[in-house]
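Thanks for making the time this morning. I would like to walk you through one model, slowly, and then take your comments.

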Amino acid sequence: MEYIDYYKVLGLDKNATQDDIKKAYRKLARKHHPDLNPNDKEAHKKFQQVNEANEVLSDPEKRKKYDQYGKDWQHAEQFEQARQSRQGAQHFGGEGFSGQFDEGDFSDFFASMFGDSGGFRQRQTKFRGEDYHAELQLNLTDVYKTHQQVLKVNDKNIRITIPAGVEDGQKIKVKGFGGPGINGGPNGDLYITFHIVNNTGFRRHGNDLHKNIDLDLYTAVLGGEMTVDTLDGKIKLNVKQETQNETKIRLKGKGFPVYKKDGEFGDLILTFKLKIPVNLTEKQKELFEQLSKLSS
Amino acid sequence: MDNTDMVMLDDFCASHHVEISFIHSLEESGLIETVVINEALCVTSNDLPKLEQITRLHQDLNINPEGIGAVTHLLRHIEEMKQEIAQLRNRLSFYEGEEP
């Protein structure tokens, strides 16, 4: 257990007036309030310290006890008993204190000085439990279809449905699966961030998929049929005659599923990359020369 | 809506040590919506976390309903911006991954 300098927590000296304490508390409480710093554990802890310091220093009785015994808090109870036996049945602190704070909200130091219930005023602050954050790595093909997966979060198995079309970096909330609430507050939520690894050869742009397709010169000039891969299997494609390099074609509904819209898909956009034949035979060269003469 | 999804505001005020006038001022500021069921003023249980957050901001930081409105608006705005950044990162990685 460590001695806590409540004056230092609030950035004050021992001569601080009640007004100084009030101002310092308000300023620091605004800065570190858990509702204004969601999911920031450090801010949450700071806020508890500031709250605790304020509870002691803003109450003249408790401040007096703290000032008197603060550094010797370990002996406070003995001092107190000795003092009470000298002064008769005079109470310190009084029975009026019936705070409802959970002892877990305050430091051991505070509990040792003021008791578990701390002698707080009647105010019970309920806080939502902490939000948990988890990261899940999936392949692009995993999120092509809606599927269920069991996650282990803080030793608890949670079965979640991962909708098709989840994006890289997307976060989903699983309500009530975070940390338990404080003072009867609701449980926090579980946030899962998806990291989608794409090693498919397709590039994803929203719901559309993009892919470059090699096109040989002869099919580009004469047209023809070719087979291309989609995430849903192979399809046959008719290539028009005289297709130019970098021509794009859009295959409607052959892209990625739209998040939470059953049966809706983006498009697949194919870009033809013309491949000029290499290592030509003498005969091929001769035919190309003939072609060249015909064209000029 | 099923009545079990409703939280009576008299109970809420008693357990959180706030006056019913505070609830009225929140409703006037458009921060919460209340409904009357069997002559009792209620909020839906879905809105309860929001109401509890507002109450904490009011009690802990002494923020009035107008200030709470501004704070919740800014918090929502931050969350939207975080989502937009994630989307822009995805778009950027699309262009960065483009084949030459």
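**Strands, cores and a contact between chains**

Let me begin with chain A, where strand β1(A) is joined by 8 bridges to strand β5 of chain A, residues 190–197, and the two run parallel. Please keep in mind throughout that what you are looking at is a predicted model. Within this pairing, A:N139 stands opposite A:V197 in β5(A). The pair belongs to an open sheet of 3 strands, whose order is β1-β5-β4 in chain A and whose pairing is mixed. Its edge strands, each pairing on one side only, are β1 (132–139) and β4 (171–174) of chain A, and from one strand to the next the twist averages 30°.

Now to the nonpolar cores. The largest of them has 15 residues, and those with the most contacts inside it include A:Y6, A:L10, A:Y25 and A:L57. Which elements give two or more residues to this core? They are α1 (6–9), α2 and α3 (41–57) of chain A, with α3(A) providing the largest share, 5 residues. If we take A:L57 and leave aside its neighbours within four places in sequence, we find that it is in contact with A:Y6, A:L10, A:I21 and A:R63. There is also a second, separate core, this one of 10 residues, which includes B:I23, B:L26, B:V43 and B:L57.

Just after α3(B), B:N62 takes a positive phi of about 60°.

Finally, the contact between the two chains, which takes 21 residues from chain A and 17 residues from chain B. On the side of chain A that touches chain B, the elements that give two or more residues are α2 and β6 (203–205) of chain A, and the residues of that side divide into 3 nonpolar, 8 polar and 10 charged.

Definitions and conventions
Residues are numbered from 1 along each chain as its sequence is written. Chains are lettered from A and ligands numbered from 1 in the order in which they are written. This is a predicted model: local features need pLDDT of at least 70, side-chain atom pairs count only at pLDDT 80 or more; totals for chains, interfaces and linings use all residues. Helices (H or I, at least four residues) and strands (E, at least two) are DSSP runs, numbered from the N terminus. A nonpolar core is a set of buried Ala, Val, Leu, Ile, Met, Phe, Trp, Tyr and Cys residues joined through C-beta atoms within 7 Å. A residue is buried if 20 or more other C-beta atoms lie within 10 Å of its own, exposed if 12 or fewer, and partly exposed in between; C-beta atoms are placed from the backbone. Two residues are in contact if their C-beta atoms, placed from the backbone, lie within 7 Å. Ala, Val, Leu, Ile, Met, Phe, Trp, Tyr, Cys and Pro count as nonpolar, Asp, Glu, Lys and Arg as charged, and the others, Gly among them, as polar. Two strands pair if DSSP finds at least two bridges between them. Axes are lines fitted to C-alpha atoms, for helices over the stretch in contact, and angles run from 0 to 180 degrees between N-to-C directions.
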